[in-house]
Amino acid sequence: MSVTQTDQPRDTAQDTVWVQDVSFIDSIPRSVAMTFVLLVFIGSWQMATSLGLVSPIILPTPLETLQDMIFVGKNLLTGGYMLEALWITLKEVFYGFALAIFLGFTLGVLVGETAFGEKAVMPYLVAIDTMPKVAFAPLFVAWLGFGIESKVALAAFIATFPIVVGTAAGLHAADENARMLFKTMGASRMQTLIKMKLPTGLPQIFTGLKIGAVGVMAGAITGEFLGGGKGFGELIRIAASQLNTPRVFSLILYLSLVGLALYVLVTWTQRKVVFWHKERVGAHDG
Amino acid sequence: MNSAIATQAHSGAQLGAPVYELSNVSKTYARNQVVALDDVSLTLRKSSFSSVIGSSGCGKSTLLKIMAGLIPPTSGRVVLQDRPVTGPRRDIGMMFQHATLFPWRTAVENIVLPIEIRDGRAAAKKALEKAHELLDIVGLKGFENVYPNELSGGMAQRASICRMLITEPAVLLLDEPFSALDELSRDMMNMELQRICREQHATAFLVTHSIQEAVILSDHIYVMKPRPGRLAEIVEVDLPRPRTLDMMTTPKFGAIVDYIRGLLDKGEDM
């Protein structure tokens, strides 16, 4: 502490103390804080179950869940039936995401770049986006059958909209100066789009991709719940119907890892592609 | 007035051949029948520096857009280097309030962008050498491969000067180029601009809100008045060249500034 002069006004002294309080919390590394929360969570979970507050059929103990995770992990590593199921779900997620990126980007450019698209197409997209999209699952099953096609369709259907919105918003992100500059350089519409509007909008496009990545997982699993098949979602459904809650928990946790991996992949790609953009929460580069 | 100084100024400003000529240019926006520009005529001569000054709504940005070929005039002739201006042209260089460098391109890549747009990637690659020379001229040697977010505001504007110069334009249109900078950087950049314009024998046309800036840089100042936007008077600045910041404290500088302020105040009353 360097502020020790006696003639300091009282307010300042109090300020200093207050600042120190905050910096104590700030000084804790994020990993430590996160571990702390995790331990508290698992601790209360263990307490709730071992004190008999919750029936073991409703909530397994953390230990049971861990044991089941090891069991499932072994099955996955040795190429058991669960790996097969996971592989099916991964395919659905992959194809669904690829389809969503293609459709979302194409529609996004149409809506963001053309006056017609913005005027005539966007309202319909907004209208469809407000619908509960999982409700379409039975339709997709009726149209495409019980194979992976119906799950791919639902996953893509859910993930397309955030990508459309992100792309359209990204194309509007370029400021007046940049547009004017391109006009004075005599740039064509295509040049303006490719050399200026798209790169300027990449941060927003990636935001759409990240939301889409979350949606694609939800779509694939919902599709499996409602449309059968042989994926990971089906394993969860069977385990739940047998009241095998530790299995349900461990399958969900493995599934979260897949979702997390997809999200990290998108974020990593963003960092490589949009290398100039320092991500800030709720702010755009000026 | 000091006649020796006046002659010197004239030799630079008056004897150059006309580069850019506007005759009886008017612009009426059809939608709301607003006359943005009314019968404006002006001539920019080779190697001269002119400014346009006026309160907001006096039509100076409309004038600049017409001169840049971004919008057509309703009537009148707009002729650059003996050819009518019908759209954006490579012999028109333009600079804006913000540097508008693209963060995914290095400094040199930003500078050759106009070439890339007009002539393609191969031509842009050939222009890299020239971009290096230009960076040297504006004092950014060694910053060739730096990305814009590592440049300060003044440095970014220097790079955007290079981008403007790379196509060797016949006229430089400067739209309040340094108004986003702090005052110290602004004065310094104005002196830099003067030096670069002299070295390149550039014909420059500056839009500004600052009377001081207009006087320290210009040979001629076009004072505009609003409703309808029109030229009120052309003020000749016969301070010697090269100009220095010290000149801003001379009585002559003060007299010209006062005179222009008087003209603008009258415009406000109307």
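Residues are numbered from 1 along each chain as its sequence is written, and chains are lettered from A in the order in which they are written. In this predicted model, local features need pLDDT of at least 70, side-chain atom pairs count only at pLDDT 80 or more, and totals for chains, interfaces and linings use all residues.

Start with chain A. It has 11 helices and zero strands. Helices (H or I, at least four residues) and strands (E, at least two) are DSSP runs, numbered from the N terminus. Of the 286 residues in chain A, 32% are buried. A residue is buried if 20 or more other C-beta atoms lie within 10 Å of its own, exposed if 12 or fewer, and partly exposed in between; the C-beta atoms are placed from the backbone. Two residues are in contact if their C-beta atoms, placed from the backbone, lie within 7 Å. Among the contacts in chain A with a separation of 6 or more, 76% join residues 24 or more positions apart.

UniProt, in an unreviewed entry, places the feature "transmembrane region" at residues 36-59, 93-112, 124-146, 152-174, 205-228 and 248-268 of chain A. UniProt positions are given in the numbering used here, feature names are shortened, and annotations may be inferred rather than shown by experiment. Two of these spans can be set side by side. Residues 36-59 of chain A are 62% helix and 0% strand, with end C-alpha atoms 22 Å apart. Residues 93-112 of chain A are 100% helix and 0% strand, and their end C-alpha atoms lie 27 Å apart.

A:I163 gives a view from inside chain A. It sits in helix 7 (residues 148-171). A:I163 counts as buried because it has 30 C-beta neighbours inside 10 Å. Leaving out residues up to four places away in sequence, A:I163 touches A:A100, A:I101, A:G104, A:F105, A:G108, A:G208, A:L209 and A:G212. The C-alpha atoms of A:I163 and A:L107 are separated by 8.9 Å, although the two are 56 residues apart along the chain.

Now turn to chain B. It is divided into domain 1 (3-91 + 173-189 + 202-269) and domain 2 (98-168); the bounds come from an automatic or database domain assignment. The C-alpha centres of the two domains lie 26 Å apart. Their contact takes seven residues from domain 1 of chain B and six residues from domain 2 of chain B. The domain 1 side of that contact has five nonpolar, one polar and one charged residues. Here Ala, Val, Leu, Ile, Met, Phe, Trp, Tyr, Cys and Pro count as nonpolar, Asp, Glu, Lys and Arg as charged, and the others, Gly among them, as polar.

Chain B has an open sheet of four strands in the order 2-1-4-5, with antiparallel pairing. Strand 2 (34-45) and strand 5 (83-84) of chain B stand at the edges with a single partner strand each, so one side of each is left without a neighbour in the sheet. Two strands pair if DSSP finds at least two bridges between them. Strand 1 (residues 18-29) and strand 4 (residues 75-80) of chain B pair over five bridges. Across that pairing, B:L22 stands opposite B:V78.

Another open sheet in chain B has six strands in the order 6-7-8-3-9-10, with mixed pairing. Strand 6 and strand 10 of chain B are at its edges, each with a single partner strand, so one side of each has no neighbour in the sheet.

Strand 9 (residues 220-225) of chain B has six of its six residues buried. In a regular strand the side chains alternate between the two faces of the sheet. B:H220, B:Y222 and B:M224 point one way from strand 9, and B:I221, B:V223 and B:K225 the other way. Strand 3 (residues 49-53) of chain B runs parallel to strand 9 and is joined to it by four bridges. B:S50 stands opposite B:H220, and B:V52 opposite B:Y222. Strand 10 (residues 230-236) of chain B pairs with strand 9 in the antiparallel sense over six bridges. There B:H220 stands opposite B:E236. Strands 9 and 10 of chain B form a hairpin with four residues between them, and B:R227 in the turn has a positive phi of about 50°.

Last comes the meeting of the chains. The contact takes 16 residues from chain B and 12 residues from chain A. On the chain B side, strand 6 (92-95) and helix 4 (113-119) each supply at least two residues. Helix 4 of chain B gives the largest share, three residues. By class, the chain B side has 12 nonpolar, three polar and one charged residues.
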